[in-house]
Amino acid sequence: MERGTTGSSDLKPAAAIPAMLEAGEGVTLHPVTLGDAAELYAAIERNRSRLQPWLPWATPGYGPEEARAFIALCERENADGRALALVIRKHGALCGSVAFHRIDLRNQSTSLGYWLDGEHEGSGIMTRACRAVVTEGFRSYNLHRIEIRCGTGNERSAAIPRRLGFTEEGILREAEWVRDRWVDLRVFGMLRRDWESK
Ligand SMILES: CC(C)(COP(=O)(O)OP(=O)(O)OC[C@H]1O[C@@H](n2cnc3c(N)ncnc32)[C@H](O)[C@@H]1OP(=O)(O)O)[C@@H](O)C(=O)NCCC(=O)NCCS
């Protein structure tokens, strides 16, 4: 099986992070910066009870300082090409986040995570945002494989990879500790050749 497409550059991170990605209908994606901290934290605060069942970091104790520290880490990892953490804006207003959490350069693979402000649910923003990020990942980050892992029971989340044509590959039993319980994760995968032939 052929490995990658760029020979010796396989282990190099992407050359440059995108300044912005367009996802259509007024939705744009921007690498997160500390300038987003107040707006991002306000959105997390508004949505804490929705995020808590699925996102391990969204604990009652998650405060503005934790948010700033996380953004600073994302800025470093984005700059290194080892992650791609983006805020989602609709007509300029911050409405969520989507990210390649950590890029495995050796295996040219990563996992995509996301959350949306509840007021913006149900209009296709996240599906469009994920489509744009997956395209960027295969085109500019030299990725071979992108995963989306969703807690079993999180049907809104699983609907996104299904809509985008990912393959459902199986369930990782009790793979994530969220708040007070082990969560089984449903794994969806997309390979570059399948994305590009769609
Ligand atoms: C998971 C989450 C991002 C899904 O949000 P969402 O709004 O359902 O997803 P989308 O933005 O892609 O919108 C899809 C919905 O818009 C509708 N829609 C309208 N226009 C659409 C379009 N052009 N394209 C796609 N969907 C469209 C779809 O029918 C669907 O609604 P339905 O479920 O009522 O049928 C959101 O529920 C969330 O943030 N949950 C909490 C955090 C979380 O679970 N994160 C994931 C952890 S794995």
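A: In this predicted model, I88 stands opposite G96, a residue of β4. The two strands concerned are β3, residues 84-90, and β4, residues 93-100, which pair in the antiparallel sense over 7 bridges.

They belong to an open sheet of 8 strands with mixed pairing, in the order β1-β2-β3-β4-β5-β6-β8-β7. At the edges stand β1 (21-24) and β7 (167-178); each has a single partner strand, so one side of each has no neighbour in the sheet. On average, neighbouring strands are turned by 30° against each other, with direction ignored. The helix α4 packs on this sheet, where it touches β6 (145-151) and β8 (181-191), and its direction makes about 155° with that of β6.

I88 is also part of the largest nonpolar core, which has 45 residues. Along with I88, the residues with the most contacts inside this core are L29, L86, V98, A129, C130 and V133. The largest share of the core, 8 residues, comes from α3. V98 touches L29, L86, I88, L112, Y114, A129, C130 and V133, leaving aside residues up to four places away in sequence.

The ligand is surrounded by 20 residues, the closest being W54, E121, G124, M126 and T127. Two or more residues each are given to this shell by α1 (37-51), β5 (109-116), α3 (125-140) and α4 (155-163). Of these, α4 gives the most, with 4 residues. By type, the shell divides into 11 nonpolar, 6 polar and 3 charged residues.

Conventions: Residues numbered from 1 in each chain as written. Predicted model: local features only at pLDDT ≥ 70, side-chain atom pairs only at ≥ 80, totals over all residues. Near = placed C-beta within 6 Å. Nonpolar A, V, L, I, M, F, W, Y, C, P; charged D, E, K, R; others polar. Core = buried A, V, L, I, M, F, W, Y, C linked by C-beta atoms within 7 Å. Buried ≥ 20, exposed ≤ 12 C-beta atoms within 10 Å, placed from the backbone. Contact = placed C-beta atoms within 7 Å. Pairing = 2+ DSSP bridges. Axes fitted to C-alpha atoms, helices over the stretch in contact; angles between N-to-C directions.
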